[in-house]
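Me: Hi! I have a structure open here and would like to talk it through with you. Could you take a look?

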Amino acid sequence: MIEVTRLNGTMLYLNPDLVLFAEATPDTVVSMTNGEKILVKESPAELTEKFIALKRKMMLGEQLTLNE
C-alpha cells in the first residue's frame with residue numbers, strides 16, 4: 001500500500017495493484033479496477049515514483065511499513 005492525500009487533506013492507503021491509471025485534470029484522478037475514481041493531491045509522476053519504490057522493496061524482500 002502507498003499513502004496518498006485526498007484533496008481535503010485526509011490520508012488514504014492505496015493498493016497500486018488495483019490502479020488502472022492516473023490522470024491530471026488538473027487534479028489527479030486515480031481510476032481503480034472496481035470503477036471507483038479517487039481525487040488525490042499527488043501528481044501522476046509522484047504516484048508512479050511511490051509505486052516503483054514499493055515494488056522495488058517488495059522484489060528485494062525489504063521490510064515494508066504502512067506509509068510505503
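Me: Which residues does Val19 touch, not counting residues up to four places away in sequence?

Reply: Val19 touches Leu14, Val30, Ser31, Met32 and Phe51, where contact means heavy atoms within 4.5 Å. Before we go on, this is a predicted model, in which local features need pLDDT of at least 70, side-chain atom pairs count only at pLDDT 80 or more, and totals for chains, interfaces and linings use all residues. Residues are numbered from 1 along each chain as its sequence is written, and side-chain values use heavy atoms, with hydrogens and water left out.

Me: Thanks. Is Val19 buried or exposed?

Reply: Val19 counts as buried, at 17% relative accessibility. Buried means under 20% relative accessible area, exposed means over 50%, and partly exposed lies in between (1.4 Å probe, protein chains only).

Me: And where does Val19 sit?

Reply: Val19 is in strand 3. Helices (H or I, at least four residues) and strands (E, at least two) are DSSP runs, numbered from the N terminus.

Me: What is the pattern of the chain, read along the sequence?

Reply: The pattern is β-β-β-β-β-α, with 1 helix and 5 strands. The chain has 68 residues, of which 26% count as buried.

Me: OK, on to strand 4. How many of its residues are buried?

Reply: 5 of the 5 residues of strand 4 are buried, so the strand is largely enclosed by the rest of the structure. Thr28, Val30 and Met32 are on one side, Val29 and Ser31 on the other, and both faces are covered.

Me: Which way do strand 3 and strand 4 run, parallel or antiparallel?

Reply: Strand 3 and strand 4 run antiparallel and are joined by 5 bridges; two strands pair if DSSP finds at least two bridges between them. Ala22 stands opposite Val30 in strand 4, and a hairpin joins the two strands through 3 residues.

Me: How many bridges join strand 4 to strand 5?

Reply: 4 bridges join them, and this pair runs antiparallel. Val29 stands opposite Leu39 in strand 5, and Ser31 stands opposite Lys37. The hairpin of strand 4 and strand 5 has 4 residues between the strands, and Gly35 there takes a positive phi near 95 degrees.

Me: What joins the side chains of Ser31 and Lys37?

Reply: A polar contact of 3.0 Å. That term means a pair of N or O atoms within 3.5 Å; within protein, one must be able to donate a hydrogen and the other to accept it, and residues adjacent in sequence count only if both atoms are side-chain atoms. Ser31 itself counts as buried, at 2% relative accessibility.

Me: Which residues of strand 5 are on its covered face?

Reply: Ile38 and Val40 are on the covered face, while Lys37 and Leu39 are on the uncovered one.

Me: Switching to the helix. What are the buried residues of helix 1?

Reply: Leu47, Phe51 and Leu54. Seen down the axis of helix 1, the buried residues fall within an arc of 65 degrees, so they line one face of the helix; the arc is that of the directions from the helix axis to the C-beta atoms. What covers these residues includes strand 1 (2-5), strand 2 (11-14), strand 3 (19-24), strand 4 and strand 5 (37-40).

Me: What does the face turned away from the buried side of helix 1 carry?

Reply: That face carries the exposed residues Glu49, Arg56, Met59 and Leu60. Just after helix 1, Gly61 takes a positive phi of about 75 degrees.

Me: Last topic, charges. How many salt bridges does the structure hold?

Reply: The structure holds 2, counting a side-chain nitrogen of Lys or Arg within 4 Å of a carboxyl oxygen of Asp or Glu. In one, Lys55 pairs with Asp17, the closest N and O atoms being 2.5 Å apart. That pair links distant parts of the chain, with Lys55 in helix 1 and Asp17 in the loop between strand 2 and strand 3, 38 residues apart.

Me: And with which residue does Glu42 form a salt bridge?

Reply: With Lys50, where the closest N and O atoms are 3.9 Å apart. Glu42 counts as buried at 9% relative accessibility, whereas Lys50 is partly exposed at 31%.
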